[in-house]
Amino acid sequence: MTNVSGGTLRRRPAQRRSLERVERMLDECARLLDEVGYEALTTKEVARRAEVPIGTFYQFFPDKQGLVRALALRNLDAFLDRVTARLAEVRLSDWTEMVDLAIDEFVVMKRSTPGFAVVDFGEVLPTPGGPALKGSERMLDAALENNVIVADRLRAITIDLLGAPIGPRLDRALVVAVEAADAVLKLAFRSHRDGDPDLIEECKRLVRRYLSDHLPGDAPGGRGGAGALA
């Protein structure tokens, strides 16, 4: 089930049936983004495919943008869950390995998660790799750009797993790392539908080298610098 915040939905689903309906609407939204794109996406078709009355749709989502915002938040939650799960499975010898792990998970989602190629963490990409639809850079929060939200969510994992020093220097470094990775990965997916492998490797190298100036060289307990989540 999605971890969409209460502020995203008009009404928080309280019963299992309502939760399932919200999930179906988000699932169909994602599939339709792949099939017809953002501009042709309609609330009516989402409701029809999810087999819910249109009135039920508007109980939970104010409009198409609200639906896509909820999908982007679900995508972000799924990405963080995947990264955290991978961390539980492997033992990292160095924090730089965390950069590769996080970027690899993002690339896998780009290739396989429905709708993720069009809307990952908020920006709407009418074509692979952008440019993004104007105004969608603040899809997650009207006051903050999407990448700032992403960096803040990654910051929590960084502090928990790496023991990185809390402060504005780390905050700024994570925003820069996320922005840099975002730009290079967009280029990779513009160059090849599955992401140009050489550009993906360049993205990892760029982020590792940048964060090496901001994160400890050794991981606590040999876990590796999970703070390189960017």
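A residue counts as exposed when its relative accessible area is over 50%, and as buried when that area is under 20%. The legends below describe a predicted model.

**Arg48 is a residue of helix 2.** The relative accessible area of Arg48 is 55%, so this residue is exposed. In sequence, Arg48 and Met25 are 23 residues apart. In space, their C-alpha atoms are 9.2 Å apart. Helix 2, which spans residues 43-50, has the highest mean pLDDT among the elements of the protein, at 98.

**Glu51 has a positive phi in the loop between helix 2 and helix 3.** The value of phi for Glu51 is near 60°, and the residue is not a glycine. In most residues other than glycine, phi is negative. The loop that holds Glu51 runs between helix 2 and helix 3, the latter covering residues 54-60. Glu51 has a relative accessibility of 67% and therefore counts as exposed.

**Phe60 is a buried residue of helix 3.** The relative accessibility of Phe60 is 1%, so Phe60 falls under the 20% limit for a buried residue. Arg21 is 39 residues away from Phe60 in sequence. The C-alpha to C-alpha distance between Phe60 and Arg21 is 9.7 Å.

**Leu73 is a buried residue of helix 4.** Helix 4 takes in residues 64-89, and Leu73 is one of them. With a relative accessible area of 13%, Leu73 is buried. Along the chain, 49 residues separate Leu73 from Gly122. The C-alpha atoms of Leu73 and Gly122 are 7.6 Å apart.

Val107 has a relative accessible area of 5% and is buried.

**Gly130 and Pro131 are joined by a cis peptide bond.** For this bond, omega is about 5°. Most peptide bonds are trans. Pro131 is placed in the loop between helix 5, residues 96-112, and helix 6. Helix 6, residues 146-162, has the lowest mean pLDDT among the elements of the protein, at 86.

**Helix 7 and helix 8 are in contact along their axes' approach to within 9 Å.** Helix 7 covers residues 168-191 and helix 8 covers residues 197-211. Their axes cross at roughly 170°. That angle is over 145°, so the two helices are roughly antiparallel to each other. By type, the contact residues are 16 nonpolar, 1 polar and 1 charged.

**The whole chain has 8 helices and 0 strands.** From the N terminus on, the elements run α-α-α-α-α-α-α-α. Of the 230 residues in the protein, 48% are buried. Among contacts with a separation of 6 or more, 64% are between residues 24 or more positions apart. The protein exposes about 11100 Å², and carbon and sulfur atoms supply 50% of this area.

**The chain includes stretches with pLDDT below 50 at residues 1-7 and under 50 at residues 219-230.** Over the protein, pLDDT averages 87, and 86% of the residues score at least 70. Residues 1-7 have 15 contacts in the model beyond near neighbours in sequence. For residues 219-230, the model has 51 contacts beyond four places in sequence.

Definitions and conventions:
Residues are numbered from 1 along each chain as its sequence is written. This is a predicted model: local features need pLDDT of at least 70, side-chain atom pairs count only at pLDDT 80 or more; totals for chains, interfaces and linings use all residues. Side-chain values use heavy atoms; hydrogens and water are left out. Helices (H or I, at least four residues) and strands (E, at least two) are DSSP runs, numbered from the N terminus. Buried means under 20% relative accessible area, exposed over 50%, partly exposed in between (1.4 Å probe, protein chains only). Contact means heavy atoms within 4.5 Å. Accessible areas come from the Shrake-Rupley method with a 1.4 Å probe; for residues, only the protein chains shown count as cover. pLDDT is the predictor's confidence in each residue, from 0 to 100. Axes are lines fitted to C-alpha atoms, for helices over the stretch in contact, and angles run from 0 to 180 degrees between N-to-C directions. Angles under 35 degrees count as roughly parallel, over 145 as roughly antiparallel, 65 to 115 as roughly perpendicular and the rest as oblique. Ala, Val, Leu, Ile, Met, Phe, Trp, Tyr, Cys and Pro count as nonpolar, Asp, Glu, Lys and Arg as charged, and the others, Gly among them, as polar.
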